Amino acid sequence: MKNFFKFLKSKTFLIQLGLAAVAVLVLVFVTLQWLKSTTNHGEFVEVPDFSKMSVSEMRSAVEEAGLRYQVLDSSEYNPDYPRFSILEQNPPAGNKVKSNRKIYFTVNPSGYKKVSVPDIIQVTRRNAESMLRAVGLDVERVTYKDELGKDMVYNMKHKGKYIKPGDRLPKTSKIELICGNGTIPGSARVQADSN
């Protein structure tokens, strides 16, 4: 043990320790210089605003800025933006990023996705409206005809054409409900009287 402490105080050990420290400092300095040159330290590109650009416009703007891109699917159609235009980008516009950084885009689809018309025949108007709203359809108007079931749905129309449960319509489509007004139809009265 005495020899070990004596060795720690020796000139040979101190020279070796000094050389090791210099080697570590040189290695750290060289590594930092290499990182600075390969990562373009201090050099940034400002991310442009791509919102409402078409996909082809976005591609040329991304290349011009020295960036890369990846298009993500969009599940919800936004009517405030043109079809197939940029809805969102990550990182947002104005951020400073390294050149060749990948920008992620969400694109507006061509329209609303289609939903199935629920079976609301022989359902009350109030329940039918709730069922339609639940799948993303709207009631445009309610038309009444002579049928015994007051406020009972007998038929549905979309853009003037009759539709049936299970038909697929774009989300937010307007449906016309044809409901009974609570009176017995004339043809039913005539048949009942003749019996």
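Methionine 1 is exposed, with a relative accessible area of 75%, where exposed means over 50%, buried under 20% and partly exposed in between (1.4 Å probe, protein chains only). This is a predicted model, in which local features need pLDDT of at least 70 and side-chain atom pairs count only at pLDDT 80 or more, while totals for chains, interfaces and linings use all residues. Residues are numbered from 1 along each chain as its sequence is written, and side-chain values use heavy atoms, with hydrogens and water left out.

- Methionine 1 is placed in the segment before helix 1 (2-8); helices (H or I, at least four residues) and strands (E, at least two) are DSSP runs, numbered from the N terminus.
- Together with Phe4, Phe5, Phe7 and Leu8, Met1 forms a nonpolar patch on the surface, with about 550 Å² of accessible area in total.
- Such patches are made of residues with over 30% relative accessible area and no salt bridge, nonpolar side chains (Val, Leu, Ile, Met, Phe, Trp, Tyr) being joined within 5 Å; a salt bridge is a side-chain nitrogen of Lys or Arg within 4 Å of a carboxyl oxygen of Asp or Glu, and areas come from the Shrake-Rupley method with a 1.4 Å probe.

**Strand 11 and its partners**

- Strand 11 (residues 174-180) is largely enclosed by the rest of the structure, because six of its seven residues are buried.
- Strand 7 (residues 138-150) runs parallel to strand 11 and is joined to it by eight bridges, with arginine 141 opposite glutamate 176; strands pair if DSSP finds at least two bridges between them.
- Strand 8 (residues 153-158) runs antiparallel to strand 11 through four bridges, and here methionine 156 stands opposite leucine 177.
- Serine 173, in the loop between strand 10 (168-170) and strand 11, is buried with a relative accessible area of 9%.
- Beyond residues up to four places away in sequence, serine 173 touches Gly136, Leu137, Asp138 and His158, a contact being heavy atoms within 4.5 Å.

**Nonpolar cores**

- The largest nonpolar core has 14 residues, and those with the most contacts inside it are Ile120, Leu137, Val153, Met156, Ile175 and Leu177; a core is a set of buried Ala, Val, Leu, Ile, Met, Phe, Trp, Tyr and Cys residues joined through side-chain atoms within 4.5 Å.
- Helix 4 (125-135), strand 8 and strand 11 each supply at least two residues of this core, the largest share, three residues, coming from strand 11.
- Apart from this core lies another, of 13 residues, among them Val45, Phe50, Met58 and Val62.

Definitions and conventions:
Patch = residues over 30% accessible without salt bridge, like charges linked within 9 Å, V, L, I, M, F, W, Y side chains within 5 Å.
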